[in-house]
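This report describes the strand pairing and helix packing of one protein model.

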Amino acid sequence: MKGLNTMARETARVPTANGARYLQQLCKHWSHKLDVQLSENEGTVRFPAAVATMKADPEALTVSVEAQDGETLERMKGVVASHLDRFAFKEAPLPFAWQKG
């Protein structure tokens with residue numbers, strides 16, 4: 001991937017009291033096939049053409065997706081959101097209000 005300056009990035013703050021649990025489940029799910037870094041309240045998943053970063057606090061899960069181009073960014077936002085909704089089935093669909101930057 002090129003330097004971070006040329007990458008497209010969007011971030012969503014998703015209201016949920018279960019963000020830490022969801023990011024743990026999601027990171028463990030993807031760790032079987034992808035490079036994943038995980039701590040109690042933060043996780044980073046490196047896809048072939050994108051990076052997803054998640055951080056949980058008591059009120060929300062903040063999700064950022066960075067990709068090489070806008071098309072890949074849109075696709076990967078959908079991948080991350082749909083997987084989170086699967087783990088958050090009791091709350092799904094979670095409200096993702098994506099913002100650039």
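The text below covers the sheet, its strand pairs and the helices packed on it.

The model is predicted: local features need pLDDT of at least 70 and side-chain atom pairs count only at pLDDT 80 or more, while totals for chains, interfaces and linings use all residues. Residues are numbered from 1 along each chain as its sequence is written, and side-chain values use heavy atoms, without hydrogens and water.

Helices (H or I, at least four residues) and strands (E, at least two) are DSSP runs, numbered from the N terminus. Two strands pair if DSSP finds at least two bridges between them. An open sheet of six strands has the order β2-β3-β4-β5-β1-β6, with antiparallel pairing. The edges are β2 (35-38) and β6 (99-100), each with a single partner strand, so one side of each lacks a neighbour in the sheet.

| Pair | Sense | Bridges |
|---|---|---|
| β2 and β3 | antiparallel | four bridges |
| β3 and β4 | antiparallel | five bridges |
| β4 and β5 | antiparallel | seven bridges |

Arg46 of β3 is the bridge partner of Asp35 and stands opposite Val51 in β4. Three residues lie between β3 and β4 in their hairpin, and a hairpin of three residues also joins β4 to β5. Thr53 is opposite Ser64 in β5.

Strand β4 (residues 50-56) is largely enclosed by the rest of the structure, because five of its seven residues are buried (under 20% relative accessible area, 1.4 Å probe, protein chains only).

Helix α1 (residues 19-30) lies across β2, β3, β4 and β5, at about 150 degrees to β4. Helix α2 (residues 70-87) packs on the sheet and touches β1 (8-15), β4 and β5, its direction making about 150 degrees with that of β5. Contact means heavy atoms within 4.5 Å; axes are lines fitted to C-alpha atoms, for helices over the stretch in contact, and angles run from 0 to 180 degrees between N-to-C directions.

Technical notes:
Buried means under 20% relative accessible area, exposed over 50%, partly exposed in between (1.4 Å probe, protein chains only).
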